[in-house]
Amino acid sequence: MYCNKCGAQIEDGIAFCPKCGAKQSMQAGQGAGVQSRHDAAVPIQENPRKSKPAKQVSDKKKKSPGIVIGMAAGGLAAAAAVAGLIVWLAAGHGESGNVIESVAGTAAGGETLDGTGEVSGGETPDGAGEVSGGETPDGAGEVSGEETPLYSIPDVAWVDLTAENHALGVKQPGMTWDSTLFYWLEDVDTGSSEDGYLAQCRVTKTLLRDAQSQKLRQYEIYSDPANGAVYKIVSIEQAEGSLALVDYYYRDGRPDFIFSRGDTVYTPTYATPSKVGERYYFNDEVMVRWRMIREPNVIGEYVLSPMEVSYSQGDYYAENDELRGIYDQVEQQMFNAAYNTYDAVAAGGHVGLVQGVLRDTLGNGIADKKVRVYREADDVLLYEAVTDTDGQYSFFVYLDDTICYLKVEGDELYRETLAAGVQLQPSSVNYSYGLTMHKNSGDEYPVTLRAYSCMDVVSDENGTVCGAPIQAVTATVREGAGNYSGESVCTVETQNGELTVNLAPGAYTVQFHAEGYLDHYMDVEVGEEAAIRDAYVMPGLAENQTGVILT
């Protein structure tokens with residue numbers, strides 16, 4: 001089998017990896033038969049191995065004086081939500097007679113997996129703030145004359161939401177939900193300083209593969225910066241034309257509250273009666289309330305402790321054995337889904353995905369080229385992938401704040417291409433880079449650079465820049481996009497407000513420096529023709545001043 005953290009091959013049944021020391025999970029889909037995912041010809045959603053089939057959920061329906069519930073596997077998988085769930089709260093269960101359905105995973109849309117803002121934080125694979133190792137097996141960065149990547153991650157860790165790894169507590173009449181954790185975390189009362197603690201939490205992300213759907217799930221983890229306690233984990237899965245979203249809340253590592261829903265785009269939020277979806281409330285490892293909102297503000301729920309409410313509410317203990325059995329089944333599913341998510345996120349570390357396309361200047365994909373990631377500090381090769389027939393590539397990476405650069409070696413036909421300044425932050429799981437290779441003709445082309453003060457420049461009705469460029473400017477040219485501090489190709493100074501330099505086709509970073517202005521960096525793509533590029537620089541700012549250039 002293979003280590004679920006570093007990918008090293010280890011003997012079956014070993015509890016801890018001899019290479020990285022990580023504890024091994026024996027859940028379904030982990031520890032055996034892993035194939036390399038460095039070949040970008042394999043789609044990122046395609047599973048390279050088989051897992052045990054998901055448990056089948058009965059969809060048997062029977063009418064009763066109390067409720068009718070139909071259950072079917074849905075977009076979030078059987079353990080993540082009960083999609084297609086239809087509940088009628090009939091006479092005796094409140095004033096509402098509305099039909100209430102689970103809609104998690106049913107909204108339309110097409111947002112990508114990572115459509116969120118970014119924040120910083122994270123741990124490395126060895127949990128010590130730095131990736132362990134740093135050298136290839138011979139300690140010199142090469143094996144038998146061939147440069148070998150330091151890391152190879154065949155696949156991310158797996159999560160089996162349906163595995164019954166945890167036992168429920170014992171139900172008792174009168175059990176209720178303790179709302180203090182939820183209302184302390186979420187900023188429900190915007191005028192109060194006693195809530196909204198989630199804004200102070202450290203937010204990190206990772207990827208796991210679902211053992212049932214075999215799709216990648218993105219996880220957003222909110223933890224206490226003081227003691228590391230995990231309060232909330234958001235599961236984000238790309239469903240058919242939508243996102244399947246589940247918010248898990250934890251009190252001392254135990255499930256406290258779950259909010260399951262579908263949407264076209266992920267926006268950090270929390271459950272309110274106006275949001276469609278299902279809620280599951282836990283206390284002492286028992287689901288004490290199950291709430292379903294089919295339409296905004298139309299509430300139906302079952303509880304262990306009934307009370308006087310204006311919406312539809314059913315008493316668990318007043319229902320027949322069949323209906324209580326359905327409640328118990330949902331309780332078992334969601335309880336284990338929450339626990340298994342918590343355990344898998346804790347064991348899986350922070351892993352993300354780097355992907356993109358390598359093209360020539362005509363936009364055609366370039367096949368069979370190695371896209372390599374090097375650590376900027378010491379030029380150690382960390383990861384690599386080979387482009388497929390369309391020029392696409394993808395590989396998994398550890399999100400450990402390492403600053404890297406991507407490089408594709410040149411050959412007789414193409415010049416080398418480089419993308420610098422790549423920081424693998426635990427706050428972002430998806431990194432996409434389009435790379436272009438230029439013909440290796442040996443020719444150079446004139447590039448004229450002009451720098452304008454962003455405070456003075458204007459455009460005429462045709463969009464032509466009006467105003468004089470800054471007269472005294474020095475431009476430092478470095479090879480590769482995003483290359484802010486590497487070795488320079490050349491340094492040129494203005495003549496009559498213009499800088500002219502001959503460059504071979506390729507990607508470059510130009511650093512503009514002028515007295516009284518902040519240094520400005522600009523990526524410049526040089527083609528097989530003369531070009532003019534304009535830059536707009538910011539005047540020097542006083543202390544505590546911030547400037548923004550809008551173009």
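These legends describe close-up views of one predicted protein model.

Residues are numbered from 1 along each chain as its sequence is written, and side-chain values use heavy atoms, with hydrogens and water left out. Because the model is predicted, local features need pLDDT of at least 70 and side-chain atom pairs count only at pLDDT 80 or more, while totals for chains, interfaces and linings use all residues.

**Figure 1. The whole chain.** The protein chain has two helices and 31 strands. Helices (H or I, at least four residues) and strands (E, at least two) are DSSP runs, numbered from the N terminus. Buried residues make up 50% of the 551 residues. Buried means under 20% relative accessible area, exposed means over 50%, and partly exposed lies in between (1.4 Å probe, protein chains only). Contact means heavy atoms within 4.5 Å. Of the contacts with a separation of 6 or more, 58% are between residues 24 or more positions apart.

**Figure 2. The largest nonpolar core.** A nonpolar core is a set of buried Ala, Val, Leu, Ile, Met, Phe, Trp, Tyr and Cys residues joined through side-chain atoms within 4.5 Å. In soluble globular proteins, nonpolar side chains tend to be buried together. The largest core here has 53 residues. Tyr248, Phe257, Ile258 and Tyr280 have the most contacts inside it. Helix H2 (residues 321-348) gives the largest share of this core, nine residues. Apart from this core lies another, of 34 residues, including Ile153, Leu207, Leu424 and Leu435.

**Figure 3. Contacts of Ile258.** Neighbours within four places in sequence are left aside in this view. Ile258 then touches Val246, Asp247, Tyr248, Glu278, Arg279, Tyr280, Phe282, Met334 and Ala338.

**Figure 4. Leu161 and Met334.** Leu161 sits in the loop between strand S6 (158-159) and H1. Its relative accessible area is 1%, so Leu161 is buried. Leu161 and Met334 are 173 residues apart along the chain. Their C-alpha atoms are separated by 8.5 Å.

**Figure 5. A four-strand sheet.** This open sheet has the order S18-S17-S20-S21, with antiparallel pairing. Strand S18 (381-386) and strand S21 (417-424) stand at the edges. Each has a single partner strand, so one side of each is left without a neighbour in the sheet. Neighbouring strands are turned by 20° against each other on average, direction ignored. For such angles, axes are lines fitted to C-alpha atoms (for helices, over the stretch in contact), and angles run from 0 to 180 degrees between N-to-C directions. Two strands pair if DSSP finds at least two bridges between them. Strand S20 (residues 402-408) and S21 pair in the antiparallel sense over six bridges. At one of these, Ile403 has Gln423 in S21 as its bridge partner.

**Figure 6. Aromatic pairs.** The whole structure holds 26 aromatic pairs. Rings of Phe, Tyr and Trp (its six-membered ring) pair if their centres lie within 6.5 Å; planes under 30 degrees apart count as stacked, over 60 as edge-to-face and the rest as tilted. The ring centres of Phe182 and Tyr270 are 6.1 Å apart and the planes stand at 75°, so this pair is edge-to-face. Phe182 lies in helix H1 (residues 180-185). Tyr270 lies in the loop between strand S11 (254-263) and strand S12 (277-283). Phe182 is buried, at 5% relative accessibility. Phe182 and Tyr270 also belong to one aromatic cluster with Trp177, Tyr183, Tyr249, Phe257 and Tyr281.

**Figure 7. A ring pair within helix H2.** Phe335 and Tyr339 both lie in helix H2, four residues apart, about one turn of the helix. Their ring centres are 5.1 Å apart and their planes at 85°, so the pair is edge-to-face. Phe335 is buried, with a relative accessible area of 0%. Tyr339 is buried too, with 9%.

**Figure 8. Charges over rings.** A charge sits over a ring if NZ of Lys or CZ of Arg is within 6 Å of the ring centre and within 35 degrees of the ring normal. The charged end of Lys232 sits over the ring of Tyr222, 5.7 Å from its centre. Arg289 lies over the face of Tyr281, at 5.0 Å from the ring centre.

**Figure 9. Positive phi in two loops.** Asp284 lies in the loop between S12 and strand S13 (286-295). Its phi is near 55°, a positive value in a residue other than glycine. Asp284 is partly exposed, with a relative accessible area of 49%. Asn297 is in the loop between S13 and strand S14 (298-303). Asn297 has a positive phi of about 70°, although it is not a glycine. Asn297 is exposed, at 52% relative accessible area.
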